[in-house]
Amino acid sequence: GSAGAGQWRDGAELYQKVCGHCHEANVGPVLKGRGLPPEYIQRVVRMGNRAMPAFRPTEIDDATLADVARRISTGAVLA
Amino acid sequence: MVSKSKALPKGVSAADFDKVVREIRAIVGDEHVVVDEDKLAPYRKIMMPVPDEQHELSASVTPDGVEQIQRIMKVANKYRVPVYPISTGKNLGYGSAAPVQRGQIVMDLRRMNRIIEVDPELCTALVEPGVTYQQLYDYLQEHKLPLWFSCPAPSAIAGPVGNMVDRGVGYTPYGEHFMFSCGMEVVLADGQVLRTGMGAMENSNTWQVFKWGYGPTLDGMFTQSNYGVVTKMGMWLMPAPPDFRPFCIQYPNEADITKIVEALRPLRIAMVIPNAVVIAHTLWEAPCTPVKRADYYTGPGAIPDEAVKKIQADHNIGAWNVYAGLYGTKETNDANWKIIEAVAAGTGGKIITQEASKGSQALQYRFDLMKGKPNLGEFGLYNWRGGGGSIWFAPVSQAKGAETLKQMQMAKTILAKYGFDYVGEFIVGWRDMHHVIDLLYDRSNPEQMQKAYACYDELLHTFAKEGYGMYRANTAFAEKVAATYGPVKRDVEKRLKKALDPNNIIAPGRCGISL
């Protein structure tokens, strides 16, 4: 859970606790259903992109980031 | 070996830097020291109007606890290499997670994120630097504890220690965060661990309940400073009130700020309204509604007043929008509500209740923040112009109407000179205002970047001439802001630095303090 050090249960939990605060709230663009490549999502999270802040591995570990990117790109279950 | 082009700590050779990295790796493990430039990217993202290179880090280290930090201090002293501690590292608009000076090693404490204790009877918590407000919120929910904390707008991803250490603010009755902290643990440059207040005593159980301890009270010295690495912080939590009644009062004209402040001050000082009230300008509300600047104005210069008026009319936004809440029982809130209604009627304000606010994003996120519920609704601000440029210009003001109007007009005039919009709000203390202005610009546009730098510079110095100082500032302007507070204060700060950190290893340059 979010009590871990940048460790999340899975990408769905991460999406709900972090990404969704903007991407489900008219702050960031909608991500669902766009088939965005996972590599692109991972890169934007690590680099940040204009208005969007960057996130460090201590906040979002590599494995959970890969999982959320996969879920977003394939339309798998998100929170 | 590191490459020649890499940012190295000031005055440290590549060979010594390699030794530092090797010795720190032996302490924390290889994977917890990063020197690869690609992997350091997330630490480099800044919103300030200066080149990324100016705040480039040489490495990051992510210790797992106090003991590792103590050992890192030894290495830092040996090679005189500076470390820049961050907690959650979400100091957006103030420098984010990047160091104050190029080449410093960022000490990222996000892995240290234990909620050590929550006492539901005394309503206190003791947390580590990596704890986020979202994490604390989830913890309180899971344990069914009716306790509220106060958080800033980036709540979901920011945290109480980092925010308090920069003396940030929130929006509940506990909104002045440093005031509601109680007890700190600090690793000093020499590796000693200091606990402030009652925490200095062995077997004490009053660390989180009595702030001062005995003798000099040192907590304040470790906020907005570089005299130690804060590794634990105690904080007071607010019991969830039986009845919470948030509301907004909208006013039609910019000049109304005078009567708003005059009407609110007595209510705030007498604690009829107990929370950190916000008085937000139209252009703060608009991007959080959300409304795009480009839909109303694409010409040169600042957005004209007529376009702002049009936004107000189209989206039911006031020129000023007062956000406040009543916290109590139904009976006490009913009684105080009559006062609120009378004040609104007497000043020409339109009240919007929680029921009437349904469907408004801008109102919803405010009402959530006033009860300490994390969200990121306010990040809509960064879409006003887009492009990732934002610095907070945040002068302190008296809570007097004439003063707030004067500051607003001064800021608006200077911003317009550089083509920027007045996007501001007043966060109302008992007697003070944090006048928070978001200097928003397109960071991908080099001309706007230069103008934003020059604009902040002029704002800072014009306000200083009128006797107005910043409560907090971004790392690129740390030195200039420190200079506005005069030489005696800076000399004392330097003498303290020399005594506590003679090798200048903890964040030299933070708030202008360096040997």
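Buried area is the accessible area, probed at 1.4 Å, that two parts lose on being put together, summed over both. In this predicted model, about 2400 Å² is buried between chain A and chain B. Carbon and sulfur atoms give 56% of that area. On the side of chain A, the most area is lost by A:His21, A:Arg50 and A:Arg56. Together these residues account for 27% of what that side buries.

The contact draws 26 residues from chain A and 35 residues from chain B. Between the two chains, 12 residue pairs are in polar contact, with both residues at pLDDT 80 or more. In chain A, helix 1 (11-23) and helix 2 (38-47) each supply at least two residues of the side that touches chain B. Helix 1 of chain A gives the largest share, 4 residues. By class, this side of chain A has 13 nonpolar, 8 polar and 5 charged residues.

Salt bridges also cross the interface. Their count between chain A and chain B is 3. In one salt bridge, the side chain of A:Glu59 meets that of B:Lys90 at 2.9 Å, N to O.

Over all chains, the count of salt bridges comes to 39. Within chain A, A:Asp67 pairs with A:Arg71 at 2.9 Å, N to O. The two residues lie about one helical turn apart, because they are 4 residues apart in helix 3 (residues 62-74) of chain A. A:Asp67 and A:Arg71 are both buried. They also belong to a network of salt bridges that links them with A:Asp10 and A:Arg70.

In chain B, the side chains of B:Arg366 and B:Glu285 form a salt bridge at 3.6 Å, N to O. This pair links distant parts of the chain, 81 residues apart. B:Arg366 lies in helix 10 (residues 361-369) of chain B, and B:Glu285 in helix 7 (residues 282-285) of chain B. B:Arg366 counts as buried because its relative accessibility is 2%, under the 20% limit. B:Glu285 is likewise buried, with a relative accessible area of 2%. A further salt bridge joins B:Asp501 and B:Lys497 at 2.6 Å, N to O. Both B:Asp501 and B:Lys497 are buried.

The largest nonpolar core has 95 residues. Among those with the most contacts inside it are B:Val118, B:Trp284 and B:Phe379. B:Phe379 touches A:Cys22, A:Val27 and A:Pro53 in chain A. In chain B, B:Phe379 touches residues including B:Leu92, B:Pro154 and B:Ile157. A second, separate core has 56 residues, including B:Tyr251, B:Ala263, B:Met433 and B:Phe463.

Key
Residues numbered from 1 in each chain as written. Chains lettered and ligands numbered in written order. Predicted model: local features only at pLDDT ≥ 70, side-chain atom pairs only at ≥ 80, totals over all residues. Heavy atoms only, no water. Contact = heavy atoms within 4.5 Å. Salt bridge = Lys/Arg side-chain N within 4 Å of Asp/Glu carboxyl O. Polar contact = N/O pair within 3.5 Å; in protein donor to acceptor, adjacent residues only side chain to side chain. Nonpolar A, V, L, I, M, F, W, Y, C, P; charged D, E, K, R; others polar. Core = buried A, V, L, I, M, F, W, Y, C linked by side-chain atoms within 4.5 Å. Buried < 20%, exposed > 50% of the residue type's maximum accessible area, 1.4 Å probe, protein only. Lists of a residue's contacts leave out its neighbours within four places in sequence.
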